[in-house]
Amino acid sequence: GNARRRSTYATPPRTPPRKSTQEMRREIHSAKRRERYMSEWQSFEKSMESGEMLHLNDIPFPPTGTSILDTLVGSSNPSEQRKHLRELMMRWHPDKWTPVIARIKEEDKSSVMDQIKEVTQLLLEEKKKYG
C-alpha cells in the first residue's frame, strides 16, 4: 500500500517571549528581597533557641506594600504559589505565635500582635486571588 510518509523534520521548539529589561530587573530585585527575608527569618529562628526576650524589631515581618507572594515566592507557577501560600499561612497563623508572644517585651506585645494580624489578613487576601 500507500503508507503515509512521516516528515523527518523536527518541529522547532517554541521559544518563550523575551522578558523586558524592566521585568528582568523586577525579578532580580524580588529575588534579592526574598533572599534577604529568608536570611532574616533563619536568624530569627536561631534567636528563638536562645530563650531571650524579644523586641518587635527582632521579628522579620514580610515587606508590605507589594504582594507577599511576589516578595516571598520565587515561582510564577500557580501550584508552587499555592504551596508557598499554605506554608506562609501556617507560619503566620496567630495560634503559632502564642509561645513567641510570651517572650516579647511587654511594651512591644500589642504591636507584634497587630502586625501578625496584618500579615495574616494580607495572606488571606492572597489566598482569595490564588484559590
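I took contact to mean heavy atoms within 4.5 Å. With that rule I went through this predicted model.

**Entry: contacts along the chain**
I looked at contacts between residues at least 6 apart in sequence. In the protein chain, 72% of these join residues at least 24 apart.

**Entry: secondary structure**
I listed the elements next. The protein chain has five helices and zero strands. Read from the N terminus, the order is α-α-α-α-α.

**Entry: surface and burial**
I asked how much of the protein chain is buried. Buried residues account for 26% of its 131 residues. I then looked up the accessible surface, which comes to about 10100 Å² for the protein chain. Carbon and sulfur atoms hold 49% of that surface.

**Entry: nonpolar core**
I turned to the largest nonpolar core and found 18 residues in it. Which residues have the most contacts inside this core? They are I59, F61, W92, W97 and V112. At least two residues each come from α1 (21-50), α3 (78-91), α4 (98-101) and α5 (109-130). The most comes from α5, which gives four residues. I kept one general remark beside this entry: in soluble globular proteins, nonpolar side chains tend to be buried together.

**Entry: W97**
I set aside its neighbours within four places in sequence. W97 is then in contact with W41, F44, I59, R91, W92 and I116.

**Entry: aromatic rings**
I searched the whole structure for aromatic pairs and got seven. Which residues form one aromatic cluster? I wrote down Y37, W41, F44, F61, W92 and W97. R91 lies over the face of W41, 4.1 Å from the ring centre.

**Entry: salt bridge**
I counted salt bridges and found one. It joins the side chains of E106 and K109, at 3.5 Å from N to O. Are these two partners buried or exposed? E106 counts as exposed because its relative accessibility is 60%, and the cut-off for exposed is over 50%. K109 has 22% relative accessibility, so it counts as partly exposed. Buried would need under 20%.

Conventions: Residues numbered from 1 in each chain as written. Predicted model: local features only at pLDDT ≥ 70, side-chain atom pairs only at ≥ 80, totals over all residues. Heavy atoms only, no water. Buried < 20%, exposed > 50% of the residue type's maximum accessible area, 1.4 Å probe, protein only. Areas by Shrake-Rupley, 256 points an atom, 1.4 Å probe, with all protein chains shown as cover. Core = buried A, V, L, I, M, F, W, Y, C linked by side-chain atoms within 4.5 Å. Phe/Tyr/Trp six-rings, centres within 6.5 Å; stacked < 30°, edge-to-face > 60°. Lys NZ or Arg CZ within 6 Å of the ring centre and 35° of its normal. Salt bridge = Lys/Arg side-chain N within 4 Å of Asp/Glu carboxyl O.
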